[in-house]
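Student: I would like to learn how to read the features of a structure like this one. Could you walk me through it?

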Amino acid sequence: MKIAFLGPEASFTQLAAIQLFPEDELVPQPNILDCFEAVSKGVVEKAVVPLENSIEGTVSMTLDYLYKTKGIKILAEAVMPIAHHFMMHHDSDSESVEKIYSHPQALAQSFHFLDEHFKEVPKQDFSSTAAAAKYVSENPDRNLAAVANQFAANLYGLRVIHHNIHDFEQNHTRFIIISKASESYENQNLKVLGEKSGLLVTLPEDHAGGLHQVLSVFAWRKMNLSKIESRTLKTGLGNYFFFINVVGEWGSALHHNALEELRALDAETYFLGNYKEFGLES
Ligand SMILES: O=C(O)C(=O)C[C@]1(C(=O)O)C=C[C@@H](O)C=C1
């Protein structure tokens with residue numbers, strides 16, 4: 001089976017994908033949109049993409065394409081500890097760094113460290129931490145640095161100058177497996193942390209109490225929510241859709257009726273799936 005992931009090799013997403021699909025062919029993609037498109041066009045069966053980080057929050061591109069990609073399902077979630085290191089080419093002068101490259105999530109997760117030690121040095125977003133490390137390794141004549149993981153440092157032959165530069169010790173990223181088919185994902189080798197469902201809800205029109213009505217559908221049924229995130233619909237300021245996680249197994253009449261009630265409220269509702277959350281190693 002072919003599994004797309006946000007590449008190149010040694011990205012955090014690859015580290016997650018290897019643990020989730022140890023037997024399968026992993027196909028690197030240059031960005032998150034390409035992961036969704038590879039699934040949607042049937043080039044791969046599934047993809048692993050980042051959804052949320054405990055320091056920096058939601059990966060907005062993933063949320064956008066969950067909404068935009070017709071018929072996409074979530075099969076599982078996996079949480080992995082994240083450690084960022086500051087690395088340069090072996091021949092580079094670490095006293096005069098010209099530019100620092102990384103994925104915007106990694107730059108944000110290490111913001112205070114970089115601000116304290118490299119305030120004047122320009123920071124540039126890259127498509128992934130691994131792509132940044134690769135770029136630095138390919139430009140040994142310049143004093144460039146990347147924020148990436150230890151595997152990227154090893155693979156691209158870079159020297160780690162500062163270890164563990166993420167601003168908070170507790171740093172975890174949540175990845176999801178996406179697919180067009182709503183099958184279940186099981187893995188006996190990984191620890192199951194929980195079970196949940198994902199929903200995308202769009203309110204009909206802006207009116208007083210609209211969100212309250214939607215939330216009350218879950219509240220009076222005692223359905224526990226672990227996440228609610230609003231994201232712009234890109235149709236004008238103030239227009240949002242909501243990504244909602246409902247804790248536990250899904251499938252009773254109670255759940256079915258909740259969806260019916262949401263639709264009766266004219267809240268456009270898309271069920272992303274009922275899936276397990278797994279724990280990964282760094
Ligand atoms: O850049 C990478 O290596 C990724 O896999 C992406 C990503 C993300 O988008 O959150 C994954 C984990 C870390 O939080 C930092 C970056």
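This is a predicted model: local features need pLDDT of at least 70, side-chain atom pairs count only at pLDDT 80 or more; totals for chains, interfaces and linings use all residues.

Student: Let's begin with the record. Which residues does UniProt list for "domain: Prephenate dehydratase"?

Tutor: The unreviewed UniProt entry gives residues 2-180 for that feature. In the model, this span is 31% helix and 33% strand, and its end C-alpha atoms lie 13 Å apart. The UniProt entry, again unreviewed, also places "domain: ACT" at residues 199-276. That stretch is 28% helix and 37% strand, with 15 Å between its end C-alpha atoms.

Student: Now the cavities. How many cavities of 30 Å³ or more are there?

Tutor: A cavity here is a space where a 1.4 Å probe fits but cannot get out. The count is two cavities.

Student: What lines the largest cavity?

Tutor: Its lining has 17 residues, and those nearest its centre are Phe12, Pro50, His103, Gln105 and Thr129. Two or more lining residues come from each of α1 (12-20), β3 (46-53), α4 (104-109) and β11 (172-179). The largest share, three residues, is from α4. By type, the lining holds seven nonpolar, ten polar and no charged residues.

Student: Why does the largest cavity lie between domain 1 and domain 2?

Tutor: Look at who contributes to the lining. Domain 1 (2-81 + 172-180 + 195-279) and domain 2 (85-162) both give residues to it, so the largest cavity lies between them.

Student: And which residues line the second largest cavity?

Tutor: Those are Leu203, Pro204, His207, Gly210, Gln213, Val214, Leu265 and Ala267. They divide into five nonpolar, three polar and no charged.

Student: How should I read a nonpolar core?

Tutor: As a general idea, nonpolar side chains in soluble globular proteins tend to be buried together. The largest nonpolar core of this model has 24 residues, and Phe36, Leu66, Ile178 and Phe243 touch the most other members. The elements giving two or more residues to this core are β1 (2-6), α2 (32-40), β3, α3 (60-68), β11, β14 (240-247) and β15 (268-279). With five residues, α2 gives the most.

Student: Is α1 largely enclosed or largely open, and why?

Tutor: Count its buried residues, meaning those under 20% relative accessible area. Seven of the nine residues of α1 are buried, so this helix is largely enclosed by the rest of the structure. The seven are Phe12, Thr13, Gln14, Leu15, Ala16, Ala17 and Leu20. Phe12 is also among the residues nearest the centre of the largest cavity.

Student: What should I look for in the backbone?

Tutor: Most residues other than glycine have a negative phi, and most peptide bonds are trans. In the loop between β1 and α1 you will find Pro8, which is joined to Gly7 by a cis peptide bond with omega of about 0°. Ala10 is in the loop between β1 and α1 too, and has a positive phi of about 80°. At 4% relative accessibility, Ala10 counts as buried.

Student: Where does Lys234 lie?

Tutor: Lys234 is in the loop between β13 and β14, with a positive phi near 65°. Its relative accessible area is 45%, so Lys234 is partly exposed. Gly238 is placed in the loop between β13 (225-232) and β14, and counts as partly exposed at 45% relative accessibility. The C-alpha atom of Gly238 is 8.6 Å from that of Asp206, although these residues are 32 apart along the chain.

Terms used. Residues are numbered from 1 along each chain as its sequence is written. Side-chain values use heavy atoms; hydrogens and water are left out. UniProt positions are given in the numbering used here, feature names are shortened, and annotations may be inferred rather than shown by experiment. Helices (H or I, at least four residues) and strands (E, at least two) are DSSP runs, numbered from the N terminus. On a 1 Å grid over the protein atoms alone, a cavity is a set of points where a 1.4 Å probe fits but cannot get out, and a pocket is an open set with protein on both sides within 12 Å along at least five of seven lines; lining residues have an atom within 4 Å of a point. Grid points are joined across faces, edges and corners, and a volume is the space filled by probe spheres set on the points. Ala, Val, Leu, Ile, Met, Phe, Trp, Tyr, Cys and Pro count as nonpolar, Asp, Glu, Lys and Arg as charged, and the others, Gly among them, as polar. Domain bounds come from an automatic or database domain assignment. A nonpolar core is a set of buried Ala, Val, Leu, Ile, Met, Phe, Trp, Tyr and Cys residues joined through side-chain atoms within 4.5 Å. Buried means under 20% relative accessible area, exposed over 50%, partly exposed in between (1.4 Å probe, protein chains only).
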